[in-house]
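Hello,

Here is the structure I promised to pass on to you. Please open it next to this email and follow along as you read.

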Amino acid sequence: MSEVSIKSGKENMDVKAIHRFLAEDSYWAKGISFERVDNSLTHSFCAGAFINGQQVGFGRVITDYYTFGWLADFFVLPEHRGKGISKKILSFIFEQPWSGWLRRVMLNTSDAHGLYRQFQFQNLANPANILEVYNPNIHEGS
């Protein structure tokens, strides 16, 4: 396998490739507009995995860099899965100095519990305390 490099910053991401995956292949953002993806990256800490200059994985953290972080839009292209790339992206994020200051880091996943448990994620300690406004298809109107 070619060497995987991890880069951060929206300016280093292939926003078109990220949009393509989210809009066409993800289960959580099908049909999302390029503008929404582009703006979401602007307001997040972005981390991407690259092989030979091509983006093969991505994840972002919506954070204030001091108390809270929400992991979102994590993916590895199907042909590169099972090679530890997700772990490299997550390790890179959790090695950032600000990451150690966060009191709570959360995410939502339907199929990667085993991966995230390796990074100390657990079921909610007090699920009755967590409320949400849930609009999963709101991006389809834009």
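**Strands and hairpins**

In the hairpin of E2 and E3, with two residues between the strands, Asn52 takes a positive phi near 50°. The names may be new to you: helices (H or I, at least four residues) and strands (E, at least two) are DSSP runs, numbered from the N terminus. Before going on, please note that this is a predicted model, where local features need pLDDT of at least 70 and side-chain atom pairs count only at pLDDT 80 or more, while totals for chains, interfaces and linings use all residues. Residues are numbered from 1 along each chain as its sequence is written, and side-chain values use heavy atoms, with hydrogens and water left out.

E2 and E3 run antiparallel and are joined by seven bridges; two strands pair if DSSP finds at least two bridges between them. Ala49 has Gly57 in E3 as its bridge partner. E2 also pairs with strand E1 (residues 4-8), in the antiparallel sense over five bridges, and there Lys7 has Gly48 as its partner in E2.

How many of the residues of E2 are buried? Seven of its seven residues are, where buried means under 20% relative accessible area, exposed over 50% and partly exposed in between (1.4 Å probe, protein chains only). Phe45, Ala47, Ala49 and Ile51 point one way from E2, and Cys46, Gly48 and Phe50 the other way. In general, side chains in a regular strand alternate between the two faces of the sheet.

E3 and E4 form an antiparallel pair over six bridges, with Phe75 in E4 as the bridge partner of Phe58. Their hairpin has four residues between the strands, and Tyr65 takes a positive phi near 70° there. E4 runs parallel to strand E5 (residues 104-106), joined by three bridges. The chain goes from E4 through H3 to E5 in a right-handed β-α-β crossover (with the strands pointing away from the viewer, the path from the first strand over the helix to the second runs clockwise).

**Rings**

A search of the whole structure finds 12 aromatic pairs. Rings of Phe, Tyr and Trp (its six-membered ring) pair if their centres lie within 6.5 Å; planes under 30 degrees apart count as stacked, over 60 as edge-to-face and the rest as tilted. Phe45 and Phe92 are stacked, at 6.5 Å centre to centre and 20° between the planes. This pair links distant parts of the chain, with Phe45 in strand E2 (residues 45-51) and Phe92 in helix H3 (residues 85-94), 47 residues apart. Phe45 counts as buried because its relative accessibility is 11%, and Phe92 counts as buried because its value is 19%. Phe74 and Tyr116 form an edge-to-face pair, 6.4 Å centre to centre with 85° between the planes.

Lys7 comes up again here: its charged end sits over the ring of Phe50, 4.7 Å from the centre (NZ of Lys or CZ of Arg within 6 Å of the ring centre and within 35 degrees of the ring normal).

Helix H1 (residues 15-24) is mostly covered, with seven of its 10 residues buried, among them Val15, Ile18 and Phe21.

Enjoy exploring!
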